[in-house]
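Please open the structure in the viewer and keep the selection tool at hand.

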Amino acid sequence: MNNNLKTFTKGFIKENPILVLLLGCCPTLATTTSAINGMSMGLATTFVLIMSNLSISLLKNFIPDKVRIPCFIVVIASFVTVVQLVMQAYVPDIYETLGLFIPLIVVNCIVLGRAEAFASKNSVWPSILDGAGMGLGFTASLTVLGCLREILGSGSIFGWRFLPEDTDTILVFVLAPGAFIALGYVIAIVNHLKKSK
Amino acid sequence: MKYIIIILSTILVNNVIFAQFLGICPFIGTSKKTSTAIGMGAAVIFVMTLATLVTWLTQYYILKPLKIEFLQTIAFILIIAALVQMVEIILKKISPSLYTALGVFLPLITTNCAVLGVAITVVTKEFSYGGASRILNLGESVVYAAGTAFGFALALIIFAGIREHIELMEAPKGMRGVPIALITAGILALAFMGFTGIV
C-alpha cells in the first residue's frame, strides 16, 4: 500500500512532468492563457494517460518488443480520438479554444514516456496509479501556470475579474512571449527550492 | 505573390515556435550547440515538407472518399512514423554522409509535435492568403509546410547562437540551464512579435 501511494504521489512534486522532467512543454506554453484552459488541457491529458497506461499494461505480454513503440502510439492515438470526439460533443467551446492541441496529445512526450518507462513493465493497478499521479501533477502545474498568467495578464482568476474594469494589466503575459517568461520563472523557483533543501 | 505571402507569414509572423508553440521540446533540447541546431533544422525541413505532402494526399484521396475523417489523428501519426523510418533507411543506403549528419535527429522527429501539428493544420484550418478564406490546396500546403520548417530552423539556429553565449555567463543558481533559456526565448518571441502586421 505504501508503495502504491508513492507511485501515485511522485508525479506531483518529485517527478513532476513539467517542472522537473521538462516533458510536454508545447501544450504547457500554448494552453495556459487562462486557468480554465490549462485545467481542461491537463484533465484531457490525464484521461489519455490513465487509459493508455491501463491498456498497455494489460497488453504488454502480447506486444512484440521490436514493434512496441508503434503499438503504443496506436493505443494512445485511439484514446486521443475518443477524447477529441467526446469534447467536441459536450464541451465545444473548450474544444474550439484548445483546438490543435487536443489531437497533439498523441505526441506529448509524457504519455509515450510513461507507457515506455512504467506501464510496459508493471502490472495494471500500479500503472493506473502512475498514470493518474502523473496526469494530476501535469494538471496541477498547468492550472498554477494558467492562474499566474491570467492574474498578471487579464486581472482575473478562473474567469472572475477581481481588478476594476478600467485598470491596465500586463497584457504580455497572455501573449506568446509571456508564456516562455512565466514558465522560465516558475521552473527557476522550483530549482531554487530544490537546491536549498 | 500568394506563395511569397505564405512563406513570409509562416517564417516571421506566425513563427512555429514563437507564435504557435509547436516543437518546443526539440527547440529546448537541441539548441545547446549551433552545429546540432543546424542538423536538426535541416532534418525538420526535409521531413515536414515530405510528411505534409503525404498526409494531404491521404486526407483527400483516402480518408475523405471513405468518410473516415475521424481516423485522422491515428492515420497521420502512423504515416509520419513510417515515413521517418523510411527516410532513415533510404538515407543510410544512398547517402551515408547525409545520414551521419542527420541520422541521430530523425527518430526524434516522430514525436516532434510541429510535424503532426502542421499536417493537421493544413487540412483543417481556413486561411485567407490573397482572397476569401478557404482550405489550402496541395501546392499551398507544401509551401506552408516548407515555410514553417524554415521558420523552425531559423528560430532554432538564432536561439542556439544566443545560448552558446549564455552558457558562459554567471546566472543565479536556480536560473541556470533551462529557466534562463526559456526567458531568453520569451525575449526572442517579443522581438518576433514586431513582425505582426507585415503580411
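Begin by selecting Ile135(B), which is found in the loop between helix H7 (113-124) and helix H8 (138-166) of chain B. Helices here are DSSP runs (H or I, at least four residues), numbered from the N terminus. This is a predicted model, in which local features need pLDDT of at least 70 and side-chain atom pairs count only at pLDDT 80 or more, while totals for chains, interfaces and linings use all residues. Residues are numbered from 1 along each chain as its sequence is written, chains are lettered from A and ligands numbered from 1 in the order in which they are written, and side-chain values use heavy atoms, leaving out hydrogens and water.

Ile135(B) has a relative accessible area of 28% and is therefore partly exposed (between buried, under 20%, and exposed, over 50%; 1.4 Å probe, protein chains only).

Now move to Thr55(B) in helix H3 of chain B. Is Thr55(B) buried or exposed? Its relative accessible area is 0%, so Thr55(B) is buried. Leaving aside neighbours within four places in sequence, Thr55(B) is in contact (heavy atoms within 4.5 Å) with Phe76(B), Ile79(B) and Ala119(B). A polar atom of the Thr55(B) side chain also lies 3.2 Å from the backbone oxygen of Thr52(B).

Finally, select residues 34-66 (H3) and 72-94 (H4) of chain B, whose helix axes come within 10 Å and cross at roughly 140 degrees. Axes are lines fitted to C-alpha atoms over the stretch in contact, with angles from 0 to 180 degrees between N-to-C directions.

Methods. Helices (H or I, at least four residues) and strands (E, at least two) are DSSP runs, numbered from the N terminus. A polar contact is a pair of N or O atoms within 3.5 Å; within protein, one must be able to donate a hydrogen and the other to accept it, and residues adjacent in sequence count only if both atoms are side-chain atoms.
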